[in-house]
Amino acid sequence: MNAATFRKAWGLEAFASACARRRLKRISVWGDQIEQVGVRAAKRLLRDAGLSPFGYNRAGPVLAADPGRRRTLFAAAMNEIDRAAEIGADHVLLFTGGLPEGSKDLNAARRDTVEIFQQLLEHARNAGIALAVEPLHPMLCGDRSCIHTLSHANDICDTLGPGIGIVVDVYHVWWDERIEADIKRAGAANRILGFHVSDWLVPTKHVLTDRGLMGDGIIDLNGIWKQLLAAGYDGPIEVEIFSEHWWAQDPDDVLDLALERCRSLFDGGSGGVAN
Ligand code: ZN
């Protein structure tokens with residue numbers, strides 16, 4: 001479970017204990033929630049709940065036109081990587097942010113991104129934690145990310161070498177005609193770090209905060225899961241639903257419903273279902 005699914009109702013402690021009650025083993029966390037309780041307390045809290053942190057959100061944004069602003073963002077991203085390593089997360093999600101203010105040069109933003117990721121990667125290798133590139137839906141190109149396809153993410157990982165991998169979030173990549181080929185390519189390079197699930201609703205009211213519960217939309221979730229398994233992925237299925245609708249419901253009900261949907265959609269997979 002990713003904490004973002006419940007972020008309006010639960011802080012880290014309530015989220016962790018709800019997951020522990022359902023005997024889940026791994027959760028994905030957000031830096032702001034860790035900061036609220038402090039790293040040491042967060043570590044203890046997770047350990048006591050029998051949970052290990054999986055994904056850590058996030059390092060970034062990193063793109064900025066102003067050099068001073070860019071340095072500030074870079075330092076903040078380094079801190080997030082340190083915090084993720086300290087808490088013992090499996091990987092840190094990288095987040096480029098949108099085009100720098102005033103810029104229309106997407107190619108330059110993409111070149112800068114690779115350069116910045118390279119510097120962050122050196123730091124992450126020393127800290128002993130993996131970095132994760134998560135392509136975001138192209139509708140988010142203006143304000144949130146300049147990486148939208150698994151092809152691009154694979155290219156970046158090929159360029160940068162060991163220590164950086166890919167998180168496949170169905171919401172962002174389900175539409176891509178190359179999805180299967182690129183999952184295969186990422187699997188062959190042993191770089192698939194995570195699998196995020198939600199669903200694409202028709203119509204979608206808001207590209208950021210109207211994700212559907214698995215099974216309520218049009219994504220072939222089981223089909224994509226099988227592609228991941230065929231590519232050798234043996235990690236968990238992670239539920240990450242940004243949704244005003246679901247944030248407004250009782251979080252315990254949402255958690256139970258999400259688990260139920262995962263069981264019906266993915267059971268018969270690796271046995272690592274929804275943990
Ligand atoms: Zn995601």
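A: With a relative accessibility of 11%, Ala-89 counts as buried (buried means under 20% relative accessible area, exposed over 50%, and partly exposed in between, with a 1.4 Å probe and protein chains only). The model is predicted, so local features need pLDDT of at least 70 and side-chain atom pairs count only at pLDDT 80 or more, whereas totals for chains, interfaces and linings use all residues. Residues are numbered from 1 along each chain as its sequence is written, and side-chain values use heavy atoms, with hydrogens and water left out.

Ala-89 sits in the loop between helix H4 (67-87) and E3 (helices, H or I of at least four residues, and strands, E of at least two, are DSSP runs numbered from the N terminus). Its C-alpha atom is separated by 6.1 Å from that of Tyr-56, although the two residues are 33 apart along the chain.

The two strands to consider next are E2 (52-59) and E3 (91-94), the elements that give two or more residues to the lining of the largest pocket. On a 1 Å grid over the protein atoms alone, a pocket is an open set of points with protein on both sides within 12 Å along at least five of seven lines, a cavity is a set where a 1.4 Å probe fits but cannot get out, and lining residues have an atom within 4 Å of a point. The largest pocket has a volume of about 270 Å³ (the space filled by probe spheres set on the grid points, which are joined across faces, edges and corners). Of its 20 lining residues, Trp-30, Arg-58, Phe-95, Glu-134 and Leu-136 are the closest to the centre. The lining divides into 11 nonpolar, four polar and five charged residues (Ala, Val, Leu, Ile, Met, Phe, Trp, Tyr, Cys and Pro count as nonpolar, Asp, Glu, Lys and Arg as charged, and the others, Gly among them, as polar).

Glu-134, one of those central residues, is also a ligand of the zinc ion. The ion is coordinated at 1.9 to 2.2 Å by Glu-134 (OE), Asp-169 (OD), His-196 (ND1) and Glu-240 (OE) (donors are N, O and S atoms within 2.8 Å of the metal, or 3.2 Å for Na, K and Ca; water is not among the atoms, so sites may look incomplete). Along the chain the donors follow the spacing E-x34-D-x26-H-x43-E. Glu-134 and Glu-240 link distant parts of the chain, 106 residues apart: the former belongs to the loop between strand E4 (130-133) and helix H6 (150-160), the latter to the loop between strand E7 (237-239) and helix H10 (244-247). Both of these glutamates are buried.

Why is the arrangement of the four donor atoms irregular? The angles that they subtend run from 87 to 170°, which makes the arrangement irregular. Four donors count as tetrahedral if all angles lie between 85 and 135 degrees; four count as square planar and six as octahedral if opposite donors are over 155 degrees apart and all others between 65 and 115; anything else is irregular.

Two cis peptide bonds may be noted: Gly-60 to Pro-61, with omega near 5°, and Val-202 to Pro-203, with omega near -5°. Pro-61 is in the loop between E2 and H4, while Pro-203 is in the loop between strand E6 (192-197) and helix H9 (221-230). Asn-190, in the loop between helix H8 (179-188) and E6, has a positive phi of about 55° although it is not a glycine. At 72% relative accessibility, Asn-190 counts as exposed.
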